[in-house]
Amino acid sequence: MEYSTQRMVMYPHLNAAGILFGGQAFSWVDEDAIIFAANLLETNKIATVKMSALEFKSAANIGDILISGVELIRVGTTSITVKCELRNKTTNKIIVQVDEVVIVALDYNKKPTKHKLAKN
Ligand SMILES: CC(C)(COP(=O)(O)OP(=O)(O)OC[C@H]1O[C@@H](n2cnc3c(N)ncnc32)[C@H](O)[C@@H]1OP(=O)(O)O)[C@@H](O)C(=O)NCCC(=O)NCCS
């Protein structure tokens, strides 16, 4: 797992219960997966086609610093699949885990195209 980004939970990131809003966590996970894939495939012409269930393991609170991890788990012809997580940097507890994010390389017509890691 490659840990790159750190973020602090701020007031705009909270839900009505005063903990990290799930939609915000979802957005961060998608962004981290896309940046990881863009670096690996050396293109920003990519799109998320599927995200498996997002599992919220523990709450994050105002002021918490979160670190995000992404790991390559499958290489296809036009797609790659990665696993993502957000952890509390202080406690190391997992906040959110997503087992599979599938990202597809696109051509200039926004159709799937072979990426640079494809074997054939
Ligand atoms: C991404 C998109 C172009 C793919 O088109 P498609 O016709 O479904 O493509 P294909 O069926 O040829 O599949 C392309 C690749 O994605 C994979 N894929 C497609 N749907 C999938 C799914 N539901 N689950 C897992 N993998 C999937 C295929 O296995 C294939 O991978 P491979 O070439 O490595 O074997 C199209 O679905 C799309 O435009 N979706 C919207 C993307 C988007 O707006 N995302 C949100 C913002 S990033």
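Which residues is Ile 67 in contact with, leaving aside its neighbours within four places in sequence? They are Tyr 3, Gln 6, Arg 87 and Lys 89, where contact means that the C-beta atoms of two residues, placed from the backbone, lie within 7 Å. Ile 67 is found in strand 4. Ile 67 and Phe 21 are 46 residues apart in sequence and 16 Å apart in space, C-alpha to C-alpha.

This is a predicted model, in which local features need pLDDT of at least 70 and side-chain atom pairs count only at pLDDT 80 or more, while totals for chains, interfaces and linings use all residues. Residues are numbered from 1 along each chain as its sequence is written.

**Chain**

The chain has one helix and six strands, in the order β-α-β-β-β-β-β from the N terminus on. Helices (H or I, at least four residues) and strands (E, at least two) are DSSP runs, numbered from the N terminus. The C-alpha trace spans about 50 × 25 × 20 Å along its principal axes. Of the 120 residues, 26% count as buried. A residue is buried if 20 or more other C-beta atoms lie within 10 Å of its own, exposed if 12 or fewer, and partly exposed in between, with C-beta atoms placed from the backbone. Among contacts between residues at least 6 apart in sequence, 64% join residues at least 24 apart.

**Helix 1**

Helix 1 has 20 residues and reaches 28 Å from its first C-alpha to its last, close to the expected 28 Å; the expected span is 1.5 Å times one less than the number of residues. Ala 25, Trp 28, Val 29, Asp 32, Ala 33, Phe 36 and Ala 37 are buried in helix 1. Seen down the helix axis, these buried residues fall within an arc of 160°, so they line one face of helix 1; the arc is that of the directions from the helix axis to the C-beta atoms. Gly 23 and Ser 27, on the other side, are exposed. The cover over the buried residues includes strand 1 (2-8), strand 2, strand 4, strand 5 and strand 6.

**Nonpolar core**

A nonpolar core is a set of buried Ala, Val, Leu, Ile, Met, Phe, Trp, Tyr and Cys residues joined through C-beta atoms within 7 Å. In the largest one, of 23 residues, Val 29, Ala 33, Val 82 and Ile 103 touch the most other members. Helix 1 (22-41), strand 4 (65-75), strand 5 (79-88) and strand 6 each give two or more residues to this core, and strand 6 gives the largest share, seven residues. Not counting residues up to four places away in sequence, Val 82 touches residues including Ala 33, Phe 36, Val 70, Leu 72 and Ile 103.

**Ligand shell**

The ligand is surrounded by 13 residues, the closest being Ala 47, Gly 76, Thr 77, Thr 78 and Ser 79; a residue counts if its C-beta atom, placed from the backbone, lies within 6 Å of the ligand. Strand 2 (46-51) and strand 6 (94-105) each supply at least two residues of this shell, and the largest share, four residues, comes from strand 2.

**Residues by C-beta neighbours**

| Residue | Class | Other C-beta atoms within 10 Å |
|---|---|---|
| Ile 67 | partly exposed | 17 |
| Glu 42 | exposed | 9 |
| Asn 92 | exposed | 8 |

Most residues other than glycine have a negative phi. Glu 42, in the loop between helix 1 and strand 2, has a positive phi of about 55°. Asn 92, in the loop between strand 5 and strand 6, has a positive phi near 70°.
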